Amino acid sequence: MIEPKELPKTYDPQTVEPRWAQEWASNPLKPELNAGKGKGPFTIVIPPPNVTGNLHLGHALDNTIIDTIIRFKRMQGYEALYLPGTDHAGITTQVLVERELAQEGLSRHDLGREKFLERVWAFKEKNGGTILYQLRRIGASCDWSRERFTMDEGLSRAVRRSFVEYYHRGLAYRGQRIVNWDPVAQTVVSDLEVNVEPTPGKLYTLAYPLEAGGEIRIATVRPETIFADVAIAVNPADERYRHLLGQKARIPLTERYIPIIADEAVLMDFGTGALKITPAHDPTDFEIGQRHGLEMPSVIDLKGYLTGERVPLAFRGLERFQARKQVVEALEEAGHIREIKDYTIALGYSDRTKAPVEPMLLEQWFVRMKPVAEQVLQGLEKGEMRLVPERWEKVNRDWLLNIKDWAIARQLWWGHQIPAWYDEEGNVYVPDPENPDLDCDQDPRYAHLKLRRDPDVFDTWFSSALWPFSTLGWPDETPDFKKFYPTDVLVTGYDILFFWVARMQMSGYQFTGKAPFHTIVLHGLYLDARGQKMSKSKGNGIDPLELIDKYGADACRFAWDYLATGGQDIRHDERRYEQGRNFANKLYNATRFVLMQQGQQGPASTDQPTLADRWMNSRLNRGIAEITEAYEAFDLGRAARLVYELVWSEFCDWYLEAAKPALREGNRATLETLRSTLAALLKLLHPIMPFITSELYETLTGDPQQLALQDWPVAKERDLEAEKAFSALQETITATRNLRAELGIPPQQEVAVQLEGPGARFVLENQALFRFLGRAVPSLGKPEKAVAQATPSATVYLQPKGDLKGFLERQKKRLAELEKLVEQGQKKLSNPGFVERAAPEVVEAERERLEENKAQLERIRDNLARLG
């Protein structure tokens, strides 16, 4: 443990934070540290970042929220497990290694599979794991002794077992389907890994000559695929084409004729209402082709080039977009183009390589998802899982209801190779469920066969889908699996609800018969200050490590928790980081003050609590209840705001000042209230700002057991009488300060005030404290010529001294300014353009400003009337 010490004059997070980060890395906060407290386990698994990646704001937000919840639960006595690990990131990692090879003039094929994988493992060892060290900088209190990797031996066994089970239950199958092919990464990508973006293009209307004379016109955005056409389809209800059904039309630039057929999937109002059917290069066409038993030729190869005998020689070997230009030129020359117009195409781009994906008809491994999703839907219906915010439950259900089969194979070498073998006739062999780890080519039953293994690997999300239980030892019944599964909470961004969350839900029910977690906390995307997504191409990315260097990790964590409200997208706001840094400094200085009081305490004059002591104790108990409730509801934004207000306003601004007279008199009760309140506040803030609170708690208490393992405070009964009395005192002091400022009286100059109303008695009963804090001598009365300010319990009057002319002129000038400001504010807020387009927080700030100005305006009017 870190040795107790005195606090330097100023707080330096760059000195304090690395020491505690090292402490939590060297001596992980294991769940076993709370064994015997009787609360049981509480588990959150990390959303595994890419093993070769670096920390970005999404990771920082995820892991700050997770760590805040884990630290809270750990202090409540739970055996809290925050399980760390990384993902092998199939496509991303392979692309990085292939780039390295390209610089050496090599490809993976030059090395061969075995040598290439050795190279990737070496790359992973050299560059991997950086992100986990970066997570330590933000204070992630993981149990680092349990760190996992999606391709470690245990998780690889789990992946293999899950596929074997899927296959033998009839859920995994090989079939021809249209898949999204990434011609750069040379692999299939799932629908979820395709970003569909509106892209400027052209809509071409082409004339197909009819065999019997005349022509039929079709509209297409992809004229280069006409050579793979096998039919023209029209809607059976479309009277324009009913007479052409059964006829044939010639594909332009070829001598091949194709039939005209009817299918209800054709949209009568798109283009001409006649659709060219290219089953190998379009999902809708594929389904129409299946219904009508059409052949399915392909004319684009895996690199995105036109290929095959159906393609005229002039276009063979051309890249697909270059081919489009030349095909259009040839169509124009041959007189087949009837119209070309600008058209916005919904084009799919690979999330990994940003290349336009090519719909390709390939034989792939799939998993039937409908029966698996049904189990999750039943679990949601029974309330076995809940989503926070609740509005995401419908989104979750709708996606599961409309789920499609999952293409699980990827044409990569880095990843879990699919455990399927083929004999010379193409028959499939998958390991026996009783012995899933035995390769089929080593199985004595198949010794007479020549088997070759499927070269493909599983989609990265296939292994990530098993993460909540594979990391705990499944398929073995390990002690960790028995104790910590199902996990409790999952924290992630709403953008991977389908990629990852739903697949974990399905895998959990499928392989363990249980929901993998009971609560799913979804946060929004972290956007730049203008509300745009961050990206390298836009150059608007913000490095969280630079923010930590500038403000300190605690200040950043405060900002991230503060901003994580209601699952809304988060706009970067530098003010929140400054607020966090200022908060840390305020807390540090308050602790130095308390330590100074401890060191200077002389002979005790009394041990009776003052009104301020009673008020602070009561406000602390209210705070404990409210802050605990916010943490329990995973409303960390509210928890951050509540603890900030309690520390900054109530403890620092009011109680520290109110305690000074009693401390000077040697009141032991006040000193103990000061110390115990600060200790409790450090506990309440610890989940959000663990570094500074750990440092200050250790210095304040000298306790050898660090703050992270202390007990969470429990709310006791409130002293409502003390709260009422002190509240009246606060209000009259604030009113006195306001009146002093309006009259231009210096803060240190003592004044006489007169009070009227029921709250006046609380002031007179605590005259010494009122005089100390308000620099004013109170008495009862209601003078005629005086400025006044009303509070909920009393009205405070202050009579100006001397010539009022200058004061009245200033007030009239201020009155005119405020009238103008109120008018401007009202106009702004009555403008729908401002209210609808501006950020909600900007509109709310404008409303608050208007109310403040109106209140000040009324006060000045009242005072001017009172002074004649």
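Gly-53 sits in the loop that links strand E1 (41-45) to helix H2 (57-75); helices (H or I, at least four residues) and strands (E, at least two) are DSSP runs, numbered from the N terminus. The model is a predicted one, so local features need pLDDT of at least 70 and side-chain atom pairs pLDDT 80 or more, while totals for chains, interfaces and linings use all residues. Residues are numbered from 1 along each chain as its sequence is written, and side-chain values use heavy atoms, with hydrogens and water left out.

With a relative accessibility of 19%, Gly-53 counts as buried, given that buried means under 20% relative accessible area, exposed over 50%, and partly exposed in between (1.4 Å probe, protein chains only). Setting aside neighbours within four places in sequence, Gly-53 touches Thr-130 and Ile-131, where contact means heavy atoms within 4.5 Å. Ala-89 is 36 residues from Gly-53 in sequence, and their C-alpha atoms are 9.2 Å apart in space.

Over to Lys-538: this residue is found in the loop between strand E24 (526-527) and helix H16 (544-551). Lys-538 is partly exposed, at 49% relative accessible area.

As for the chain overall, it holds 28 helices and 29 strands, and 55% of its 868 residues are buried. Its C-alpha atoms fill a box of roughly 110 × 70 × 55 Å along the principal axes. Of the contacts with a separation of 6 or more, 78% come from residues 24 or more positions apart.
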